[in-house]
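Subject: Structure handover

Hello,

Here is the structure I promised to pass on. My notes follow it.

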Amino acid sequence: MEKRTVGVVGFGHLGNSGDDTEINAATTVPKASSQYLVDQIQKQPNLELAFVWNRNISALFGKVEPDNILTNLLDFKDFGPDLIVEVAHPSVTHEYGAAFLAAADFMIGSPTAMAAQETEAALRQAAQVHGLYVPSGAFWGGEDIKKMADRGTLQALKVTMKKHPTSFKLEGELAELNKSVMDNPVILYEGSVRGLCPLAPNNVNTMATAAIAAHNLGFDHVQGCLVSDPSLVDWHIVEVEAWGPGDMKSGKAFRTHTVRHNPAATGAHRDLLHDHYTAHV
């Protein structure tokens, strides 16, 4: 079997939600990091590491073979990757995503980038020959949500994420509001996922994935709710509410509500994308 070459963009800890991270159904690890990803690529008989890029190149020394270190991201094509995996920051996808897709398949580890309409449009336009993939992350029930969207039966979708205040890495007004949280839970945001992603790019990848799967609703109509709760010292909680066929106004529509408790250390703030199901955009 011919090996597929994989380029990895980013080489830091993605965070620690306490959940297993998976590169395939048979391999798990308690703490997710792009360093682990690189290690597993090198262990798979059908994969070969093409390159690793990191904003801080010195972090790669002694951990990645010199021939696999990419110093200038503009030179990624010189390494001939079949697949490029972004595990760095949404800004990488904003700047390089379309170029990656022109040369290889592309998996986005920071799908909040697609909340920017120009970025989403550019990626979809570029994905003519190569595939654009989004890991499901902590988005429980993603395959079923996508099926409902495909059929046009998904009427509404809401994702609520609850975490300890120190587990958030926020921007702007949300950061200031989170600083004021003391003893009681506070709703930091409730509204469209598109409006939330720029304010919490590291925390709401799950919501962005939901908006991509629920493509008949999209970023403007999938609702996100972010709750800062000081009592959640050991957990991140993700609730997914979906409404399907029927009359929502009278309360007679299909509805499902799942609650997922992820063990998490206080202060862990990356919204991990770790499950092995991926959506082909």
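This is a predicted model. I start with a helix pair, then move to a sheet.

**Helices α2 and α3**

Helix α2 covers residues 90-103, and helix α3 covers residues 117-126. Their axes come within 8 Å and cross at roughly 10°. An angle under 35 degrees counts as roughly parallel, so α2 and α3 are roughly parallel to each other.

Which residues make the contact between α2 and α3? From α2 come Thr 93, His 94, Gly 97, Ala 98 and Leu 101. They meet Thr 119, Ala 122, Leu 123 and Ala 126 of α3. By class, five of the residues in this contact are nonpolar and four are polar. None is charged.

**The five-stranded sheet**

Five strands make up an open sheet with mixed pairing. The order is β9-β10-β8-β11-β12. The edges are β9 (186-192) and β12 (252-263), each of which pairs on one side only. From one strand to the next, the twist averages 10°.

Now to β10, residues 223-228. How does β10 run relative to β9, parallel or antiparallel? The two run antiparallel, with six bridges joining them. One of the bridge pairs is Ile 187 with Val 227, the latter in β10. With β8, the direction is parallel. Six bridges join β8 and β10. Here Val 159 has Gly 224 of β10 as its bridge partner.

Is β10 largely enclosed or open to the outside? Residues under 20% relative accessible area count as buried. Five of the six residues of β10 are buried, so the strand is largely enclosed by the rest of the structure.

**Across the sheet**

**His 236**

Is His 236 buried or exposed? Its relative accessibility is 5%, so His 236 counts as buried. The side chain of His 236 also makes a polar contact of 3.4 Å with the side chain of Ser 167.

That is the handover. Over to you.

Best wishes

Definitions and conventions
Residues are numbered from 1 along each chain as its sequence is written. This is a predicted model: local features need pLDDT of at least 70, side-chain atom pairs count only at pLDDT 80 or more; totals for chains, interfaces and linings use all residues. Side-chain values use heavy atoms; hydrogens and water are left out. Axes are lines fitted to C-alpha atoms, for helices over the stretch in contact, and angles run from 0 to 180 degrees between N-to-C directions. Helices (H or I, at least four residues) and strands (E, at least two) are DSSP runs, numbered from the N terminus. Angles under 35 degrees count as roughly parallel, over 145 as roughly antiparallel, 65 to 115 as roughly perpendicular and the rest as oblique. Contact means heavy atoms within 4.5 Å. Ala, Val, Leu, Ile, Met, Phe, Trp, Tyr, Cys and Pro count as nonpolar, Asp, Glu, Lys and Arg as charged, and the others, Gly among them, as polar. Two strands pair if DSSP finds at least two bridges between them. Buried means under 20% relative accessible area, exposed over 50%, partly exposed in between (1.4 Å probe, protein chains only). A polar contact is a pair of N or O atoms within 3.5 Å; within protein, one must be able to donate a hydrogen and the other to accept it, and residues adjacent in sequence count only if both atoms are side-chain atoms.
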